[in-house]
Amino acid sequence: VITAAGNLKRANPEENEEALLLRALQDVNVPKFLAHDLPLFEGILSDLFPGIERPPFDYGPLLTSIKLGMDTYNLQKVDIFI
């Protein structure tokens, strides 16, 4: 988490550090949780960072590549997957 937060700070030096830490915590931990654990994790983060909004991140190029790959392999574009 510390490494991820440091990388985010270097990439966004003017951004609020609390918001960057929140994003680093989410980016590192959310992939490890099952879907039914996410509301609990979100609740914990909202208690730790009251009033802090996660800074937006542009996943445009990634989403474009995912959708192109899905078209290439004739896969259905299911929102939860994307």
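Helix H2 passes helix H3 in a right-handed crossing, the near helix being turned clockwise from the far one by less than a right angle. The model is predicted: local features need pLDDT of at least 70 and side-chain atom pairs pLDDT 80 or more, while totals for chains, interfaces and linings use all residues. Residues are numbered from 1 along each chain as its sequence is written, and side-chain values use heavy atoms, without hydrogens or water. Helices are DSSP runs (H or I, at least four residues) numbered from the N terminus.

**Packing of H2 and H3**
- The axes of H2 (residues 17-29) and H3 (residues 38-48) come within 11 Å and cross at roughly 160°; axes are lines fitted to C-alpha atoms over the stretch in contact, with angles from 0 to 180 degrees between N-to-C directions.
- H2 is therefore roughly antiparallel to H3 (angles over 145 degrees).
- From H2, Leu22, Leu25, Gln26 and Asn29 meet Phe41, Glu42 and Leu45 of H3 (contact: heavy atoms within 4.5 Å).
- The residues of this contact comprise 4 nonpolar, 2 polar and 1 charged; Leu and Phe count as nonpolar, Glu as charged.

**Burial along H2**
- Buried residues of H2 include Ala19, Leu20, Arg23 and Ala24 (under 20% relative accessible area, 1.4 Å probe, protein chains only).
- The buried residues of H2 pack against H3 and helix H1 (2-11).

**Isoleucine 66**
- Isoleucine 66 lies in helix H4 (residues 60-72).
- Isoleucine 66 is partly exposed because its relative accessible area is 27%, between the 20% and 50% limits.
- Isoleucine 66 and threonine 3 are 63 residues apart in sequence and 26 Å apart in space, C-alpha to C-alpha.

Notes
Helix = DSSP H or I, 4+ residues; strand = E, 2+ residues; numbered from the N terminus. Parallel < 35°, antiparallel > 145°, perpendicular 65-115°, else oblique.
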